[in-house]
Amino acid sequence: TPRRAPESACRPCAVPSRTPTGPSHAAAGTGICLQAVRGAVQDTYRALVLDSRLRVLRRFPLAGIPTRARVSPSGRMVAWTVFVSGDSYASTAFSTRTSILDTRTWRLQSSLETYAITRDGRAYRAADVNFWGVTFADDTHFYATLATGGRTYLVRGDDAARTMRTLRNNVECPSLSPDATRLVFKKRVKGASPDAPWRLYALDLRTMRETPLAEHRSVDDQVVWSGPDTVVYAMAGDYGSDLWTVPADGTGTARRLMTAALAPAYVG
């Protein structure tokens with residue numbers, strides 16, 4: 001199986017100027033920066049596609065506050081997610097909108113909500129579907145989070161066929177390993193506090209066996225693979241967030257990697 005470049009954490013580059021400070025994620029010479037442009041009355045947001053020298057190739061307006069971004073291993077495909085408001089079906093003031101861009105043709109799929117969904121083997125349609133947490137397997141296939149009907153699902157997407165298929169429920173924010181054989185995601189744990197329900201799990205894509213990682217606290221983040229066998233994630237600390245790391249096979253113990261930091265980027 002071809003090895004993939006490790007992915008970065010999904011955070012926007014929110015800066016007041018028109019010059020990008022750097023990509024939110026980069027792979028194979030392509031970067032993506034989700035940027036806030038400060039206005040006198042209201043902020044606006046945009047996605048900047050960058051080359052290996054951080055030169056801006058294209059700009060795309062965003063419909064809401066940016067939250068996550070990913071680049072495929074080859075650097076061709078880019079995905080981003082924003083928070084949007086005003087959806088009549090939403091139970092809260094915000095919902096998400098995830099887009100996928102082909103940087104070779106500059107074709108933009110503005111919302112994954114148009115993809116055909118198969119849930120538990122049957123075609124599924126609903127007005128409240130939301131997607132976030134994309135992680136690319138290649139230029140066609142990816143994994144993501146689907147939310148609908150008060151539940152969340154791990155889905156495998158096919159960009160060419162415009163389809164989604166559920167694989168697991170009760171799962172969010174997958175991150176694919178560099179060798180494309182494992183996913184690490186956050187999963188709701190039975191009996192946990194509603195304020196701290198998450199536990200990190202690894203899913204072996206060959207056997208579909210889940211393994212809890214040796215981080216026993218609730219992690220509300222999309223992890224970053226820092227190598228073939230470890231992941232990095234943010235936890236609340238004394239000065240905002242700290243970075244922690246843990247083996248991805250369930251062994252070992254969690255340890256603090258860096259204080260007062262978040263959103264690392266590992267570029268292979």
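Me: What should I know before I start?
Reply: The model is predicted, so to speak of local features we need pLDDT of at least 70, side-chain atom pairs count only at pLDDT 80 or more, and totals for chains, interfaces and linings use all residues. Residues are numbered from 1 along each chain as its sequence is written, and side-chain values use heavy atoms, with hydrogens and water left out.

Me: How many helices and strands does the protein have?
Reply: Helices (H or I, at least four residues) and strands (E, at least two) are DSSP runs, numbered from the N terminus. Here there are 0 helices and 23 strands.

Me: Is glutamate 172 buried or exposed?
Reply: Buried means under 20% relative accessible area, exposed over 50%, and partly exposed in between (1.4 Å probe, protein chains only). Glutamate 172, in strand E16 (residues 171–176), has 8% and is buried. Across the protein, 49% of the 268 residues are buried.

Me: Which residues does glutamate 172 touch?
Reply: A contact means heavy atoms within 4.5 Å. Leaving aside residues up to four places away in sequence, glutamate 172 touches Trp132, Thr145, Thr152, Phe185, Lys186, Arg188 and Trp198.

Me: Which value does phi of leucine 54 take?
Reply: Phi is near 65 degrees, positive in a residue other than glycine. Leucine 54 sits in the loop between strand E4 (44–50) and strand E5 (56–61) and is partly exposed at 41% relative accessibility.

Me: And where is alanine 260 found?
Reply: Alanine 260 is in the segment after strand E23 (255–258). Its phi is positive, about 55 degrees, although it is not a glycine, and at 47% relative accessibility it is partly exposed.
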